Structure formats: C-alpha cells, structure tokens
Number of protein chains: 2
Amino acid sequence: MSEAFAAVDVIAAKRDGGRIPDEQIDWVIDAYTRGAVAEEQMAALAMAILLRGMEPSELARWTAAMIASGVRLDLSSVDRPTTDKHSTGGVGDKITLPLAPLVAACGAAVPQLSGRGLGHTGGTLDKLESIPGWRASLTNDEFLAQLRSVGAVVCAAGDELAPADRKLYALRDVTATVESIPLIASSIMSKKIAEGSSALVLDVKVGTGAFMKNVASARSLAETMVSLGTAHGVRTVALLTNMHTPLGRTVGNALEVAESLEVLAGDGPSDVIELTLVLAREMLAGAGLSDVDPADALRDGRAMDVWRRMISAQGGDPAAPLPTARETHVVVAPASGVLSRLDAYAVGVAGWRLGAGRARKEDPVSPGAGVVLLAKPGDSVQAGQPLLELHADDPARFDGALSALEGGYDIGAAPTAQPLIIERIS
Amino acid sequence: MSEAFAAVDVIAAKRDGGRIPDEQIDWVIDAYTRGAVAEEQMAALAMAILLRGMEPSELARWTAAMIASGVRLDLSSVDRPTTDKHSTGGVGDKITLPLAPLVAACGAAVPQLSGRGLGHTGGTLDKLESIPGWRASLTNDEFLAQLRSVGAVVCAAGDELAPADRKLYALRDVTATVESIPLIASSIMSKKIAEGSSALVLDVKVGTGAFMKNVASARSLAETMVSLGTAHGVRTVALLTNMHTPLGRTVGNALEVAESLEVLAGDGPSDVIELTLVLAREMLAGAGLSDVDPADALRDGRAMDVWRRMISAQGGDPAAPLPTARETHVVVAPASGVLSRLDAYAVGVAGWRLGAGRARKEDPVSPGAGVVLLAKPGDSVQAGQPLLELHADDPARFDGALSALEGGYDIGAAPTAQPLIIERIS
C-alpha cells in the first residue's frame with residue numbers, strides 16, 4: 001500500500017534536468033512493473049528522459065533495475081563458453097541465421113533470445129517461423145538442454161526476462177519516446193544481460209535503413225551499450241556497419257532463410273558472407289576461441305550440420321520446401337547505366353507492405369512475401385532489365401510497394417564504394 | 001473508428017521542438033476528450049509541451065480547442081454587463097467573497113465558476129461551504145436566474161465547461177506536468193472564457209505562498225493569459241499581487257468567511273480591503289462602470305445586502321453562526337522586536353495540515369480549521385505574546401502545523417514595506 005517514493009517526485013527530478021537518485025530509479029522500475037506507477041506517469045518520465053538525457057552512472061543503475069525486474073539466466077551448466085550477437089535492425093539482415101550455427105560449429109554456445117519485427121525491419125523469429133514446424137517458444141529447460149546438446153538456440157525471450165522492458169517498450173511505441181539513446185541502450189542491454197551470455201557482439205547499423213541515420217549517433221549508442229555490458233561483466237564489443245542498402249539479395253522471411261542456406265552451403269552474396277564471418281570472429285574472440293577460423297566451418301559443412309540440428313530441435317523440418325508467395329511482380333531498370341543507389345529504407349518499406357512485416361504486433365506476417373534484389377549498387381544494368389522482384393500473396397499489395405520504391409534507386413555513375421564495416425568499438 | 005491523425009505524430013512534432021499544426025491541435029484535444037488519445041499519450045505530450053514550450057498562435061489554438069471541447073455559456077440574457085475575477089491562488093485569499101457581491105452591488109453581474117482547494121491554497125467553494133446550508137452546485141437555469149436577480153453567483157463549474165481541461169488537469173497533477181506556463185494559462189483561460197463573462201481581471205499572485213515565486217514568471221503567465229482572453233473577445237487585465245505573506249489575518253474556511261463579513265461590514269484588515277477595492281475597480285472598468293466607487297457600497301451596506309441574497313439564493317443561512325474548530329493552540333513570540341517576516345507558504349501548509357485543505361480531491365475539509373494571525377509583518381511584538389492561533393478539530397494535528405511553521409517567521413528589524421499591487425498588465 002504505502003510506497004517508498006512518489007512518482008511525481010521522480011518525474012520532476014528528471015524534468016528539471018537532474019539525476020534521478022539510485023533508490024528512486026530502483027523504486028520506479030519496480031513500481032512500474034508492479035503497476036504502482038501508472039502508464040501515464042512512466043510516459044511523462046520517458047519523455048523527460050528523452051529530452052533531458054541520463055548520466056552514465058544513472059543509466060547503468062536504470063539498466064540494472066530493468067534486469068532486476070526479472071531473472072538473469074544462469075548458463076553455468078553449459079560447458080562451452082557462451083557468446084551472442086545483437087543487431088539494432090536492418091533491411092535484409094538475416095545474419096543471425098547462418099551466424100548462430102556457425103559459431104556453435106566452432107565450439108562456442110550461442111544463447112540468442114530474439115524478437116519479432118515491427119515496422120520496416122524484419123524479425124529473426126518471423127524469418128525462422130517460415131520453416132514448416134519450427135516454433136519460437138521454449139521452456140527454460142528446453143532452452144538449456146538445446147544449448148548444451150546443439151550449441152545454438154534462437155528463440156523467443158520468456159516473460160521472466162526484463163519484464164519492465166517489455167512494458168516500457170510497448171509504452172514507448174505509442175508515446176513517441178522510442179528515439180532516446182539511453183532508453184534504446186537500456187532496453188537492448190537489459191534483455192541481453194539478463195540472457196546470461198558471457199560475451200556479446202553488437203551490430204549497430206548506420207544508414208537510411210537503420211534506426212541510426214548517421215555515424216555519430218550510432219557511435220554514441222554503441223559506446224553506451226558497450227559500457228553497460230562491460231559494467232555487468234559481459235565482454236562486449238560493437239561494430240558499426242553499413243545499412244544504406246539492404247544486406248544480401250533478399251528481403252523477407254522465407255526468402256531470407258533460403259539465402260542463409262546458400263551461405264551455410266558455402267555460397268551466397270559476398271556482403272552477407274563477409275558480415276557473418278566478421279561477426280563470427282568477434283563472437284569467438286569474446287568466447288576465448290580466437291584461433292578457430294569460421295570460414296572453414298562454412299566450407300566443410302559443419303555449420304550447416306548445426307543449422308539442421310538447431311532447426312530440428314525446435315520442431316522444424318530443415319528439408320521441407322520453404323513457402324513461396326502466390327504472386328510476383330518485376331521492376332525493370334528505367335535506363336542503362338550503373339545502379340548507383342538502392343535505398344535500404346525504400347526496400348524495407350516495400351517488403352513490409354508486401355506482407356513480410358507487420359504494422360501492429362498482433363498482425364500475422366506472410367512467410368513468402370518480400371523483395372529479391374536482382375542488382376546491387378555498383379552493378380551495370382540495361383534499360384528494361386529486371387532490377388527487383390516483388391513477392392506477395394495478394395497482388396493488391398504491389399501498388400503500395402511500388403510507391404515505396406519510387407525515388408529509392410538511381411541509375412547513373414558508379415557509386416563510391418562504402419565499407420561494410422565502418423568502425424569497431426570495444 | 002478511423003482517426004484523422006496519429007497521436008505519436010503529434011507528440012513527435014512537439015518533442016522535436018516544432019509547432020503542432022492547427023488541425024492536429026484540434027484533433028488531439030477532441031480525441032483525448034473522447035478517449036481516442038490515451039492518458040499515456042497525453043502525458044508524453046504534456047511533458048514535451050512543458051519542456052519545449054508553445055508559440056503564441058499555437059497556444060491560442062490549443063486554448064480554443066479546449067473551450068470547444070465543451071460549451072461556452074451564453075450570458076446575453078443577463079441585462080447587466082458581466083465581469084469576473086480569477087486568482088491564481090494564495091494563502092488567506094478570500095477576496096472573491098467580499099468582491100463578488102461588492103461588484104454586483106455596483107451594477108455589474110459576476111458569473112464566477114470556481115474551484116476547490118488542493119494543496120496549501122484554499123478553495124473558494126470550500127470556504128463558502130462552511131456556511132450552513134450553502135450549496136455549490138447549480139443547474140444552468142439556476143445559475144442564470146441568480147445572475148439576473150442577485151447579480152452575483154459563485155458556484156461549481158459544470159461538467160460541460162472545458163471537459164478537456166478537467167481531464168488534462170487531473171493528468172498533469174500525477175505526471176509532474178503542472179509547472180508549464182502554456183498549460184497553466186490554457187487551463188485557466190479555457191474555463192474562464194467558456195464561462196461567458198465579457199470582462200475578466202486576473203489576480204496573479206507572486207511570492208512564497210503562490211505558484212509563481214518571482215515577478216518574471218508571474219509576468220510571463222499574466223501576459224500569456226491577457227493575450228488569450230483578448231484573442232477570444234474578453235476584456236482582460238491582470239494584476240501581479242504580493243503573496244509573500246498571507247492576505248488578511250485568517251487562513252481557513254469559516255475563519256475566512258468571518259473576515260470577509262468584517263470587510264462587507266466596512267471594517268476588516270487593510271490589505272484585504274485594499275485588494276478588494278482595486279480588483280473591484282478593475283472589474284467595474286472592464287464592465288464599463290468606471291464612474292462607480294465601490295468604497296461607497298462597502299460603507300453603506302449595499303455590498304452586504306447582495307452577499308446575504310447571494311448566500312440565501314444558494315440555500316445558505318447568512319445569519320447562522322459559523323462553525324468553529326474544537327481545539328486551539330497558541331504560538332507565542334520567541335523574542336521581542338518587530339515581526340519582520342511571516343511566510344505565506346509556511347502558514348498555508350500549517351492551515352492545510354490543521355484540516356483547512358485536502359491532500360486528495362476526495363478528502364473532506366474541516367470548516368472550522370485554520371490559522372489566525374495575531375500579528376502581521378511590521379508589527380512590534382513582546383517575547384511571550386501570542387503570534388498565531390491554530391484551530392483544529394483534532395489536537396493531533398497541531399504537531400504537523402507547528403513543524404510547518406518552523407523557520408516560517410522572523411523577529412528582528414522592521415521589514416522593507418512591500419507593495420501589495422506589484423504591476424498591472426493589460
């Protein structure tokens with residue numbers, strides 16, 4: 001009944017630009033999780049945090065309180081070193097799919113609790129759910145057993161992990177309080193720290209298709225998250241990577257699974273292979289396995305073996321044909337020249353409108369929908385040559401996707417080559 | 001079902017420091033009143049407004065939308081010119097009680113829709129309710145009939161006046177978004193403009209016992225409100241008046257009614273008389289009755305006559321004895337000298353804790369509780385002489401009141417005289 005603090009005092013402290021005292025941070029996160037701080041009070045506090053910021057020590061305490069709102073998994077029964085990766089979200093970012101089995105094939109254990117897509121970036125669970133039979137939900141015992149036997153688990157985070165974040169994330173979505181570096185960093189890191197991995201590699205996307213549009217803001221987010229991970233005893237590094245154009249040649253759910261299988265078979269688009277290997281080496285280094293070369297495990301089929309066991313362990317049939325969309329529509333090059341730009345955000349929105357993503361979290365996604373990129377920036381194209389192939393179950397969706405793509409690509413001079421890996425922060 | 005705008009877009013515009021477009025202002029106030037914009041969304045918007053501010057034209061539109069959320073009363077059937085006063089709230093501020101009948105006695109009609117006290121400042125309705133039989137709630141027809149027959153009505157505002165403000169005010173109270181000049185100004189002015197008076201005098205209090213602690217912020221609020229009133233065709237002026245020490249010699253409900261009766265009888269404390277007459281002259285000037293001297297109507301009993309009719313019309317017995325508290329406690333001067341300071345906030349909190357005010361809007365108030373000031377700043381006192389008399393029904397309340405008064409007064413050198421009326425803004 002009687003609360004230690006009053007929510008208005010906590011909100012007023014941040015509103016006036018001050019630091020929220022430690023005990024008030026602990027109280028407000030706990031009381032919000034219990035329902036003793038109302039949604040409208042947390043909304044006002046979130047807006048004050050967005051506009052006033054947080055000091056590093058204040059954010060560390062806030063993140064610790066978010067972790068303490070639930071359980072922190074104990075992975076000490078896993079006999080391999082644990083290491084995980086988190087991406088801040090990009091278009092065509094299927095990297096987790098080849099990466100998790102690859103790193104497991106190299107001797108580490110990958111305990112990845114993942115999410116679903118909202119908006120123009122896809123979600124790893126949505127992609128995996130396009131595999132017939134595969135299920136995202138595991139009990140804690142199933143999760144641990146699979147981590148021990150297979151070495152890689154990608155599944156949905158349970159309700160007991162950082163429940164404060166679950167509530168706060170939904171609230172921020174409807175109150176225009178998403179775009180705050182302290183709130184983004186504490187949301188990601190509270191879940192990743194609670195997950196129990198000993199090492200973590202953050203893939204912070206920069207570009208039109210990413211949440212962070214420029215290097216400076218991405219660097220700030222990356223540095224903030226690396227500090228939080230380190231403070232909680234998780235060996236954390238971050239890479240800033242390019243998201244001005246989609247990764248690989250597919251955007252969608254089953255389409256991205258198919259491309260991931262190419263990579264696991266030792267083939268696939270060069271950018272997906274490069275990023276997968278760079279991230280694998282970072283994850284393995286975090287796990288103390290720097291002397292293993294993940295390229296070998298792609299070449300010799302060990303990564304593909306782990307993939308099959310990982311999918312089977314969660315009820316999926318790795319040999320079953322993947323679903324395809326009922327309709328396709330081809331976008332052709334309007335002129336001859338070099339494809340100088342293919343905008344990640346435009347393609348992401350097109351894929352979303354084709355049915356690959358969802359507008360509300362209750363919406364279903366279409367497993368076969370998406371975009372196949374038949375040319376990538378730097379490729380020469382002839383007028384009339386197919387550039388993009390749109391896939392949808394309902395042809396009525398093509399119009400919306402086409403309008404999203406308007407102005408989303410240019411044909412002209414060869415573009416300046418942009419590095420895929422922009423910066424490393426540790 | 002389908003809404004014209006999305007709340008997140010409106011919030012984001014203000015969050016990023018922009019002006020909310022007119023149509024979005026109209027929509028968000030209407031949708032909030034209907035419940036289509038959630039409390040947490042309005043809380044985030046209110047915090048963004050508090051921290052980012054509002055342009056004058058934006059605030060004018062916001063206020064117009066608040067008025068349009070309900071009805072604007074039509075007082076054209078009243079054959080006298082209408083004029084009203086609003087005070088931003090002070091300690092011992094009983095001025096409405098003598099003022100409304102006084103101005104009516106001078107030929108104008110005073111249609112005052114008033115509120116209850118929350119926190120350390122008392123509410124006019126609470127004070128009047130200490131009169132046996134008096135009721136605050138009137139129907140619209142009763143309100144108009146009394147305004148025509150008596151010329152003065154002080155009653156509770158109905159639900160149909162600025163319902164958006166009613167909701168928003170309650171929300172701001174729990175989300176630390178009260179202290180925003182645009183939100184305060186639009187809250188006050190939407191109600192006062194909807195009330196239908198042709199002229200309005202604003203008494204903006206400045207000092208420790210007021211919401212505005214310094215002249216600069218009080219001036220800013222006053223100028224903002226005068227602009228809003230003028231833009232809506234209400235002849236509006238504001239006075240900045242001193243609230244470093246309580247007005248008059250009583251703080252409480254029945255205690256302040258008794259003091260108001262002294263003023264209506266041509267007697268009473270000089271500061272209460274002065275402020276009553278200054279405000280009466282401003283109200284009469286707004287009503288086009290500048291040639292009437294309200295001092296005459298106090299002297300010759302006409303104001304008292306209107307008071308009696310005003311109280312009787314709302315069921316009150318103007319001749320009935322006023323309630324008194326069961327217990328009193330005297331605070332004596334700790335030394336001899338001049339009372340150099342008697343802090344309004346300290347006395348306000350003491351009165352509140354004695355039972356004159358309420359902590360939550362559901363709480364009852366004690367009609368007899370309060371503080372009688374036996375000395376005012378500038379008075380010479382002897383050590384041991386009574387300074388303050390505390391009145392409460394429950395003697396257990398004295399301790400809290402005494403601790404509120406600690407450090408609330410000084411005995412020493414004569415204080416520099418402070419003017420009661422600081423500035424006039426029109």
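Student: Is B:Trp27 buried or exposed?
Tutor: B:Trp27 counts as buried, at 9% relative accessibility. (Buried is under 20% relative accessible area, exposed is over 50% and partly exposed is in between, using a 1.4 Å probe and protein chains only.) One heads-up: this is a predicted model, where local features need pLDDT of at least 70 and side-chain atom pairs need pLDDT 80 or more, while totals for chains, interfaces and linings use all residues, and side-chain values use heavy atoms, without hydrogens or water. Residues count from 1 along each chain as its sequence is written, with chains lettered from A and ligands numbered from 1 in the order written.

Student: Got it. How many aromatic pairs are there over all chains?
Tutor: The search of the whole structure turns up two. In chain A, the ring centres of A:Phe5 and A:Trp27 are 6.1 Å apart and their planes are at 65°, so that pair is edge-to-face. (Rings of Phe, Tyr and Trp, taking its six-membered ring, pair if their centres lie within 6.5 Å; planes under 30 degrees apart are stacked, over 60 edge-to-face, the rest tilted.)

Student: Which parts does that pair tie together?
Tutor: A:Phe5 is in the segment before helix H1 (7-15) of chain A and A:Trp27 is in helix H2 (residues 22-34) of chain A, so the pair ties together parts that are 22 residues apart in sequence. (Helices, H or I with at least four residues, and strands, E with at least two, are DSSP runs numbered from the N terminus.) A:Phe5 is partly exposed at 29%, and A:Trp27 is buried at 8%.

Student: What about B:Phe5 and B:Trp27?
Tutor: They form an edge-to-face pair, 6.1 Å centre to centre with 65° between the planes. B:Phe5 is partly exposed, with a relative accessible area of 29%.

Student: OK, new topic. Which charged end sits over the ring of A:Tyr32?
Tutor: That's A:Lys167, 4.5 Å from the ring centre. In chain B, the charged end of B:Lys191 sits over the ring of B:Tyr169, 5.3 Å from its centre. (That takes NZ of Lys or CZ of Arg within 6 Å of the ring centre and within 35 degrees of the ring normal.)

Student: Where does B:Gln314 lie?
Tutor: In the loop between helix H14 (302-313) and strand S7 (327-332) of chain B. B:Gln314 is buried, with a relative accessible area of 0%. Its side chain makes a polar contact of 2.9 Å with the side chain of B:Gln146. (A polar contact is a pair of N or O atoms within 3.5 Å; within protein, one must be able to donate a hydrogen and the other to accept it, and residues adjacent in sequence count only if both atoms are side-chain atoms.)

Student: And B:Asp293, where's that?
Tutor: B:Asp293 is in the loop between helix H12 (270-286) and helix H13 (294-299) of chain B. B:Asp293 counts as partly exposed, at 31% relative accessibility. The side chains of B:Asp293 and B:Arg281 are joined by a polar contact of 3.2 Å.

Student: Last one: what rotation superposes chain A on chain B?
Tutor: One of 180°, with 0.1 Å of shift along its axis and an RMSD of 0.1 Å. That's the relation of a two-fold axis. (The superposition is by least squares on the C-alpha atoms of residues with pLDDT of at least 70 in both copies.) Of chain A's residues, A:Glu40 comes closest to the rotation axis, at 1.8 Å (C-alpha).
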